[in-house]
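Open the model in your viewer and keep the selection tool ready. We will go stop by stop, with something to select at each one.

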Amino acid sequence: SELKIKNGATADSFPASSTRLKTIQYKADKVIDFAWFADKRFLVLKSETKLKRTGRMVESYAYFIPKHAATWSKSTEYINRAVQFYSDAVGDYPHPQASAVMTGEGFGGGMEYPMITALSGSFTPRVLDNVITHEVGHNWFQGILASNERDNPWLDEGLNSYYDHRYDKEFYEKDDG
């Protein structure tokens, strides 16, 4: 599908700033860290998934610039699937939302925070899915358990990599062979 960009802007141009000021407040319970991102070019996808055990709804959001819309078009599906996979394997996702935000293209890879993950924009859809899944997975091991990756990397990166490899095997490797 083709993006419709208003006022003759291009996919890489920045929209004009509003002259009105606004205040936005955020609140998060039981988090060990936070991150906040903004880009006037962001396109936003919103979805939600229902946790199987409790029936609780978890909202998912993806933020990306138009240049990467084709690759990010299924990003909320990836977020939802990651939340479901880890919830089924490890225990229900504890937060009301999970988000993925596209960061600078030179960033390379991903970085996790409770409820949000930052990812480079330059991925194939499969790699984007894998990186989103890996970074969302940190919400359990680093986020819930508050493991210190520097002191005990196996408690965060090790356990998370084990589960994201299981995810890859379940959703991709069965189709490869």
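**Stop 1: the salt bridges**

This is a predicted model. Begin with charged side chains: the chain holds seven salt bridges. We will visit three of them, starting with K27.

Select K27 and D29. Their side chains form a salt bridge, with N and O 4.0 Å apart. Are these two residues buried or exposed? Both D29 and K27 are exposed.

Next, select D39 and R41. Here the side chains meet in a salt bridge at 2.7 Å, N to O. Now check the surroundings of each partner. R41 has 17% relative accessibility, so it counts as buried, the cut-off being under 20%. D39 has a relative accessible area of 21%, so it is partly exposed.

Now select K46 and E59. The closest N and O atoms of this salt bridge are 3.5 Å apart. What does the pair tie together? K46 sits in strand β1 (residues 43-50) and E59 in strand β2, so the bridge links parts that are 13 residues apart in sequence. E59 is partly exposed, at 27% relative accessible area.

**Stop 2: the whole chain**

Zoom out and switch to a cartoon view. Follow the chain along its sequence and the pattern reads β-β-α-α-β-β-β-α-α.

Now colour by burial. Of the 177 residues in the chain, 38% are buried. Contacts are worth a look too. Take those with a sequence separation of 6 or more: 61% of them join residues 24 or more positions apart.

**Stop 3: the largest nonpolar core**

In soluble globular proteins, nonpolar side chains tend to be buried together.

The largest nonpolar core in this model has 33 residues. Select W72, I79, V83, Y93, L119, L128 and I132, the members that touch the most other members. Which elements give two or more residues to this core? From the strands, they are β2 (57-64), β3 (97-103) and β5 (116-120). From the helices, they are α1 (69-72), α2 (75-89), α3 (125-144) and α4 (153-176).

Stay with I79 for a moment. Leave aside residues up to four places away in sequence, and I79 touches S60, Y61, A62, A98, S99, A100 and I132. I132 is also on the list of core members with the most contacts to other members.

**Stop 4: T133**

Select T133, which is in helix α3. Is T133 buried or exposed? Its relative accessible area is 1%, so T133 is buried, the cut-off being under 20%.

Show the side chain of T133. It reaches the backbone oxygen of D129 at 2.8 Å. Then display the contacts of T133, again skipping residues up to four places away in sequence. T133 touches Y78, A82, Y86, D164 and Y167.

**Stop 5: the largest pocket**

Which residues are closest to its centre? Select I24, Y26, W36, F37 and Y63, out of 33 lining residues.

Then look at the secondary structure around the pocket. The elements that give two or more residues to the lining are β2 and β3. Of the elements, β3 gives the most, with three residues.

How values were computed:
Residues are numbered from 1 along each chain as its sequence is written. This is a predicted model: local features need pLDDT of at least 70, side-chain atom pairs count only at pLDDT 80 or more; totals for chains, interfaces and linings use all residues. Side-chain values use heavy atoms; hydrogens and water are left out. A nonpolar core is a set of buried Ala, Val, Leu, Ile, Met, Phe, Trp, Tyr and Cys residues joined through side-chain atoms within 4.5 Å. Buried means under 20% relative accessible area, exposed over 50%, partly exposed in between (1.4 Å probe, protein chains only). Helices (H or I, at least four residues) and strands (E, at least two) are DSSP runs, numbered from the N terminus. Contact means heavy atoms within 4.5 Å. A polar contact is a pair of N or O atoms within 3.5 Å; within protein, one must be able to donate a hydrogen and the other to accept it, and residues adjacent in sequence count only if both atoms are side-chain atoms. On a 1 Å grid over the protein atoms alone, a cavity is a set of points where a 1.4 Å probe fits but cannot get out, and a pocket is an open set with protein on both sides within 12 Å along at least five of seven lines; lining residues have an atom within 4 Å of a point.
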